[in-house]
Amino acid sequence: GYLERALRVRYDQVNWRFRLAQALSEQGHADQAIQELEVCLRLRPQMTAARQLMGEIKSRSAVGLGGE
């Protein structure tokens with residue numbers, strides 16, 4: 001989509017990448033969302049929102065796999 005194309009040009013746009021991760025998560029694409037969040041955290045290690053969303057996604061994935 002649009003954000004993916006924009007991020008190819010502006011790789012360092014952490015806020016765009018975070019929004020993409022949110023959308024991917026909402027659409028059930030946990031693995032892709034986590035990949036985007038990992039890039040966010042490489043570019044901005046102190047980004048609390050990215051850490052929180054990653055924790056939520058991983059928690060949901062664990063529940064889906066019978067983890068909790």
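Biologist: Before we start, what are the ground rules?

Modeller: It's a predicted model, where local features need pLDDT of at least 70 and side-chain atom pairs count only at pLDDT 80 or more, while totals for chains, interfaces and linings use all residues. Residues are numbered from 1 along each chain as its sequence is written, and side-chain values use heavy atoms, with hydrogens and water left out.

Biologist: What is the mean pLDDT of the chain?

Modeller: pLDDT is the predictor's confidence in each residue, from 0 to 100. Here the chain's mean is 87, with 84% of residues at 70 or more.

Biologist: How many helices and strands does the chain have?

Modeller: Both are DSSP runs numbered from the N terminus: helices are H or I with at least four residues, strands are E with at least two. This chain has four helices and zero strands, so reading from the N terminus you get α-α-α-α.

Biologist: What span should helix 3 have, residue by residue?

Modeller: The expected span is 1.5 Å times one less than the number of residues. Helix 3 has 14 residues and should span 20 Å; its end C-alpha atoms are 20 Å apart, which agrees.

Biologist: Which residues have the most contacts inside the largest nonpolar core?

Modeller: Nonpolar side chains tend to be buried together in soluble globular proteins. A nonpolar core is a set of buried Ala, Val, Leu, Ile, Met, Phe, Trp, Tyr and Cys residues joined through side-chain atoms within 4.5 Å. Buried means under 20% relative accessible area, with a 1.4 Å probe and protein chains only. The largest core here has 15 residues, and those with the most contacts inside it include Phe18, Leu37, Cys40 and Met47. Helix 2 (14-26), helix 3 (30-43) and helix 4 (48-64) each give two or more residues to this core.

Biologist: What does Phe18 touch?

Modeller: Contact means heavy atoms within 4.5 Å. Leaving out residues up to four places away in sequence, Phe18 touches Leu37, Cys40, Met47, Ala49, Ala50 and Leu53.

Biologist: Where is Ile34, and which residues does Ile34 touch?

Modeller: Ile34 sits in helix 3 and counts as buried at 13% relative accessibility. With residues up to four places away set aside, Ile34 touches Met54, Ile57 and Lys58.

Key: Buried < 20%, exposed > 50% of the residue type's maximum accessible area, 1.4 Å probe, protein only.
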